[in-house]
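Thanks, everyone. Have the sequence and the model open, please.

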Amino acid sequence: MELKKYTRLSLFIALSVVLNLIESIIPIFNGYIPGLKLGLANTIILFVLYTYSFKDALYVSIVRVFVVGILRTGIFSVSFFFSLGGAFLSIIMMSIIKKISHLSIIGISIIGSVFHSLGQIIIATIFIKTNTLYYLSWLILFSIPTGIITGIIAKELIKVFEKIDLKY
Amino acid sequence: MNKKDLQLIIVLILISVNILFGFKIVNQKENKKAIVYYENKEILSIDLNDKQEKTYEVEGYNGKVKIVSKNGKVKVLEEKSPLHLCSKQGYISASYETIVCLPNKIVIKIKTSNNLDTIVK
């Protein structure tokens with residue numbers, strides 16, 4: 001069982017890295033509000049959080065940030081710390097809110113998306129020392145549709161994997 | 001999606017719209033200056049009360065960065081970076097807006113005589 005779990009988890013890390021790279025090519029999210037992304041990698045984190053545990057989701061999320069850092073942005077660069085802060089805050093808040101509230105997976109996805117932006121903004125304020133509250137309001141507004149989209153994808157993913165696990 | 005999700009969405013929309021409108025009211029127009037920073041050091045100050053179009057050039061980390069000011073607004077015209085985020089952003093004019101050019105280590109902020117930070121705090 002352990003072997004199956006770790007194989008799956010490493011598969012998910014690879015998937016989330018690829019989704020992260022694909023997403024940076026999609027042009028509509030690459031212009032007007034810098035930093036705005038669909039957050040497709042969050043579907044994988046949500047899936048792991050729902051089917052495995054908080055610990056495994058944290059592990060997948062942090063390893064993903066490091067691998068993307070090596071591949072794209074350069075490790076220990078400023079944008080690396082942005083995504084580390086965002087990923088860390090979002091996974092912690094998602095698991096806390098999941099325990100204490102009755103939100104469905106879509107609500108949890110929105111929470112994750114909002115706190116991902118918030119974590120990035122906090123790191124940005126530390127690095128650049130600028131007034132970012134105005135910018136945060138736009139990010140919160142846009143994280144609602146992107147959160148709904150990733151939530152629906154994660155929900156369908158869980159359904160599909162339940163069927164696969166019954167088969168094998 | 002259940003009722004709780006909808007409540008969450010409504011609360012989030014209210015929060016962000018509130019912040020946006022709060023900033024719209026607070027935004028002042030007198031004595032505006034755009035200040036250009038390189039590695040957190042002030043290198044250029046542009047007077048935005050001037051209505052004529054003016055072009056400035058500063059030295060960024062990857063080379064020259066062209067900045068245009070016009071009618072109380074300021075934007076980055078040309079710069080060398082992989083994604084060109086700061087030149088795509090266009091004009092900024094309010095004291096809460098900033099242009100950040102991370103590859104060039106350039107930050108442009110707008111300062112007014114009425115400082116927003118004191119009101120927000």
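Start where the chains meet. On the chain B side, 27 residues are in contact, and they meet 21 residues of chain A. Bear in mind that this is a predicted model.

Which element of chain B gives the most to that side? Helix 1 of chain B does, with eleven residues. The elements giving two or more residues are helix 1 (3-26), helix 2 (85-88), strand 6 (98-101), strand 7 (106-111) and helix 3 (116-120), all of chain B. By class, the chain B side has 17 nonpolar residues, four polar and six charged.

Now the cores. The largest nonpolar core has 40 residues. A:I44, A:I45, A:L46, A:V48 and A:V60 touch the most other members. Which elements supply at least two residues each? In chain A they are helix 1 (2-23), helix 2 (41-51), helix 3 (54-73), helix 4 (78-100), helix 5 (105-128) and helix 6 (133-167). Helix 1 of chain B joins them, and that helix is also the one that gives the most to the side touching chain A. Helix 5 of chain A has the largest share of this core, at ten residues.

Leaving out residues up to four places away in sequence, A:I44 touches A:F12, A:L15, A:S16, A:L19 and A:V60. There is also a second, separate core of 18 residues. Among its members are B:L48, B:L85, B:C101 and B:I108.

Back to helix 5 of chain A, for A:S109. Buried or exposed? A:S109 has 30 C-beta neighbours inside 10 Å, so it counts as buried; the cut-off is 20 or more. What does A:S109 touch, again leaving out residues up to four places away? The list is A:N42, A:L46, A:G147, A:T150, A:G151 and A:A154. One of these, A:L46, is among the core residues that touch the most other members. One distance as well: A:S109 and A:G39 are 70 residues apart along the chain, with their C-alpha atoms separated by 10.0 Å.

Last, a sheet in chain B. It is open, with three strands in the order 3-4-5 and antiparallel pairing. Strand 3 (54-59) and strand 5 (73-78) have a single partner strand each, so they stand at the edges with one side lacking a neighbour in the sheet. From one strand to the next, the twist averages 30 degrees. Strand 3 pairs with strand 4 (residues 64-70) over six bridges. For B:K54, the bridge partner in strand 4 is B:S69.

Key. Residues are numbered from 1 along each chain as its sequence is written. Chains are lettered from A and ligands numbered from 1 in the order in which they are written. This is a predicted model: local features need pLDDT of at least 70, side-chain atom pairs count only at pLDDT 80 or more; totals for chains, interfaces and linings use all residues. Two strands pair if DSSP finds at least two bridges between them. Helices (H or I, at least four residues) and strands (E, at least two) are DSSP runs, numbered from the N terminus. Axes are lines fitted to C-alpha atoms, for helices over the stretch in contact, and angles run from 0 to 180 degrees between N-to-C directions. Two residues are in contact if their C-beta atoms, placed from the backbone, lie within 7 Å. Ala, Val, Leu, Ile, Met, Phe, Trp, Tyr, Cys and Pro count as nonpolar, Asp, Glu, Lys and Arg as charged, and the others, Gly among them, as polar. A nonpolar core is a set of buried Ala, Val, Leu, Ile, Met, Phe, Trp, Tyr and Cys residues joined through C-beta atoms within 7 Å. A residue is buried if 20 or more other C-beta atoms lie within 10 Å of its own, exposed if 12 or fewer, and partly exposed in between; C-beta atoms are placed from the backbone.
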